[in-house]
Amino acid sequence: MDGRAVNRFVRISARKARIVADLVRGKRVDQALMILRLTPKKASPLLTKAILSATANARVAGGAEARVENSGFIVSEVRIDEGPTMKRIRPRAQGRAYRILKRTSHIQVTVSSVQ
């Protein structure tokens with residue numbers, strides 16, 4: 001039984017979110033949630049929310065066997081893809097303008113039941 005959750009257009013750069021995603025990939029869900037709770041990065045609560053959503057989706061898809069604990073699932077896949085980049089302007093001296101890039105990400109989490 002697998003569950004999947006997608007969180008799109010998240011206001012964090014994909015490069016920074018991938019650092020946190022590498023910490024939890026392949027771990028049991030309860031271990032992954034504990035790691036994320038102790039990680040002081042902006043991506044931690046975003047990934048926590050996605051993992052909990054994917055676990056809930058797996059339970060719903062499982063039907064009668066949905067009474068599985070969090071330790072019965074593993075984080076099988078975490079993909080962080082780049083979303084669209086918002087372009088902004090910062091005024092500088094002598095009439096110049098510098099570009100500010102506000103990057104976004106798409107987070108996709110898949111959890112699988114432990115066999």
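Colleague: How many bridges join strand β3 to strand β4?

Modeller: This is a predicted model, and local features are read only where pLDDT is at least 70. Strand β3 covers residues 86-91 and strand β4 covers residues 97-102. The two run antiparallel, and the number of bridges joining them is six.

Colleague: Which residue in the turn of the β3 and β4 hairpin has a positive phi?

Modeller: Five residues lie between the two strands of this hairpin. In the turn, a positive phi of about 60° belongs to Gln94.

Colleague: Where is Met86, and how far is its C-alpha from that of Ile100?

Modeller: Met86 belongs to strand β3, and it counts as partly exposed because its relative accessibility is 30%. Setting aside neighbours within four places in sequence, Met86 contacts Arg11, Ile100, Leu101, Lys102 and Thr104. Met86 and Ile100 are 14 residues apart along the chain, and their C-alpha atoms are separated by 8.2 Å.

Colleague: What is the strand order in the open sheet of three strands, and why is one side of β1 and of β2 left without a neighbour?

Modeller: The pairing in this open sheet is antiparallel and the order is β1-β5-β2. β1 (2-10) and β2 (73-82) stand at the edges and have a single partner strand each, so one side of each has no neighbour in the sheet. From one strand to the next, the twist averages 15°.

Colleague: Which residue in β5 is the bridge partner of Asp81?

Modeller: β2 and strand β5 (residues 105-113) run antiparallel and are joined by nine bridges. Strands of a sheet pair through backbone hydrogen bonds. In β5, the partner of Asp81 is His106.

Colleague: Which strands does helix α3 lie across, and at what angle to β1 does α3 run?

Modeller: Helix α1 (residues 14-24) lies across β2 and β5, at about 170° to β2. Helix α3 (residues 43-62) lies across β1, β2 and β5. The angle of α3 to β1 is about 145°.

Colleague: What span does α3 reach from its first C-alpha to its last?

Modeller: α3 has 20 residues, and at 1.5 Å a residue the expected span is 28 Å. The span in the model is close to that, at 28 Å.

Colleague: Which elements do the buried residues of α3 pack against?

Modeller: Buried here means under 20% relative accessible area. The buried residues of α3 include Ala43, Leu47, Ala50, Ile51, Ala54 and Ala58. An α-helix has 3.6 residues a turn, so residues three or four places apart point the same way. The elements packed against are β1, α1, α2, β2 and β5.

Colleague: Which element gives the most to the largest nonpolar core, and with how many residues?

Modeller: This core has 25 residues, and Leu47, Ile51, Val75, Val78, Ile80, Val109 and Val111 touch the most other members. At least two residues come from each of β1, α1, α2 (29-37), α3, β2 and β5. The element that gives the most is α3, with six residues.

Colleague: Which residues does Ile80 touch, not counting those up to four places away in sequence?

Modeller: Ile80 is one of the core members that touch the most others. In soluble globular proteins, nonpolar side chains tend to be buried together. The residues that Ile80 touches are Ala14, Ala17, Arg18, Ala21, Leu47, Ser105, His106 and Ile107.

Colleague: How many salt bridges does the structure hold?

Modeller: Arg25 and Asp22 meet through their side chains at 2.7 Å, N to O. Asp30 and Arg28 meet at 3.3 Å, and Arg79 and Asp81 meet at 2.9 Å. The total is three.

Colleague: Are Arg79 and Asp81 buried, exposed or partly exposed, and what are the percentages?

Modeller: Partly exposed covers what falls between the 20% limit for buried and the 50% limit for exposed. Arg79 has a relative accessible area of 38% and is therefore partly exposed. For Asp81 the class is also partly exposed, at 28%.

Technical notes
Residues numbered from 1 in each chain as written. Predicted model: local features only at pLDDT ≥ 70, side-chain atom pairs only at ≥ 80, totals over all residues. Heavy atoms only, no water. Pairing = 2+ DSSP bridges. Helix = DSSP H or I, 4+ residues; strand = E, 2+ residues; numbered from the N terminus. Axes fitted to C-alpha atoms, helices over the stretch in contact; angles between N-to-C directions. Contact = heavy atoms within 4.5 Å. Core = buried A, V, L, I, M, F, W, Y, C linked by side-chain atoms within 4.5 Å. Buried < 20%, exposed > 50% of the residue type's maximum accessible area, 1.4 Å probe, protein only. Expected span 1.5 Å × (residues − 1). Salt bridge = Lys/Arg side-chain N within 4 Å of Asp/Glu carboxyl O.
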